[in-house]
Amino acid sequence: MTDSPKFFATCLVGALLALAPLAAVRAAELSIEVEIPRLDVAEYHRPYVAAWLESPDGQVAAQLSVWYDIGMRDNEGTKWLKDLRQWWRRGGRDLDMPVDGLSAATRPVGRHPLKFDSTQPPLAGLAAGDYRLMVEASREVGGRELLQIDFQWPPTQAVELSANGERELGALSLKLKP
C-alpha cells in the first residue's frame with residue numbers, strides 16, 4: 001500500500017540518505033595558513049599562537065586553534081596563555097585547556113595550514129554574516145603581534161585573502177570555498 005504512513009516515512013528516509021553525500025560535498029571550507037618567520041635573535045622561543053573568529057562587535061564566534069607549550073609538566077604551559085592578550089580577553093580565559101581539537105603544540109619556523117569545514121565544529125552552526133579572522137602571536141623574550149582579515153560567511157564563491165605580519169607573524173592567508 002503506497003499511501004501508508006510507513007511507506008511515506010521509508011521513502012523520505014531513503015531520499016534524505018540519497019541527498020546526504022551531496023550535502024557533504026557542498027560543505028563550505030575555511031582554510032588558513034599561518035607563517036612563523038625565522039628571526040635573527042640571540043634567544044629564540046617558539047611563539048604561542050591563537051586563531052579565532054570574531055563578529056563585527058568583537059564577540060568570539062568560534063575558537064579555531066591555540067598553539068602553546070603543551071609538553072610542560074603539570075600543564076605549566078597554560079600559565080603563559082594570558083600573554084596572548086586579545087585572545088585571552090576575548091574568551092581564552094574562559095577555556096579549560098587543553099581543549100580537544102583546539103589545543104596544539106607550538107610550531108617551528110615555517111608555514112602551517114589549518115582547515116575547517118561547515119559540517120564540523122568549530123564552524124558547524126556558524127551563522128551567515130560578517131566576520132574577522134584573528135591570529136595573535138606572543139613570544140617569550142620577544143614581541144606580540146595581532147593580524148586580522150575581514151570576510152563574509154558562508155562564501156558564495158572561492159575567495160583568497162591575506163595579511164602580513166611585521167615580526168612575530170609572517171604571511172597569513174585565508175581561503176574560503178563554498
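This is a predicted model: local features need pLDDT of at least 70, side-chain atom pairs count only at pLDDT 80 or more; totals for chains, interfaces and linings use all residues.
**Exercise 1.** Determine whether Glu54 is buried or exposed, and identify which side chains make polar contacts with its side chain.

*Solution.* Step 1: the relative accessibility of Glu54 is 1%. Buried means under 20%, so Glu54 counts as buried. Step 2: the side chain of Trp52 makes a polar contact with that of Glu54 at 3.0 Å. Step 3: the side chain of Arg90 is joined to that of Glu54 by a polar contact of 2.8 Å. Step 4: leaving aside residues up to four places away in sequence, Glu54 touches several residues, among them Gln59, Asp130 and Arg132.

**Exercise 2.** Locate the partners in the salt bridge between Glu54 and Arg90, and state which network includes them.

*Solution.* Step 1: the closest N and O atoms of Glu54 and Arg90 are 2.8 Å apart. Step 2: Glu54 belongs to strand S2, whereas Arg90 lies in the loop between helix H2 (85–89) and strand S4 (103–105), 36 residues apart. Step 3: Asp150 forms a salt bridge with Arg132, with 3.4 Å between the closest N and O atoms. Asp150 is in strand S7 and Arg132 in strand S6. Step 4: through shared partners, salt bridges join Glu54, Arg90, Arg132 and Asp150 into one network.

**Exercise 3.** Classify the ring pair of Trp87 and Trp88.

*Solution.* Step 1: the structure contains three aromatic pairs. Step 2: the ring centres of Trp87 and Trp88 are 6.2 Å apart and the planes stand at 55 degrees, so this pair is tilted. Step 3: Trp87 is buried at 0% relative accessible area, while Trp88 is partly exposed at 25%.

Key:
Residues are numbered from 1 along each chain as its sequence is written. Side-chain values use heavy atoms; hydrogens and water are left out. Buried means under 20% relative accessible area, exposed over 50%, partly exposed in between (1.4 Å probe, protein chains only). A polar contact is a pair of N or O atoms within 3.5 Å; within protein, one must be able to donate a hydrogen and the other to accept it, and residues adjacent in sequence count only if both atoms are side-chain atoms. Contact means heavy atoms within 4.5 Å. Rings of Phe, Tyr and Trp (its six-membered ring) pair if their centres lie within 6.5 Å; planes under 30 degrees apart count as stacked, over 60 as edge-to-face and the rest as tilted. A salt bridge is a side-chain nitrogen of Lys or Arg within 4 Å of a carboxyl oxygen of Asp or Glu. Helices (H or I, at least four residues) and strands (E, at least two) are DSSP runs, numbered from the N terminus.
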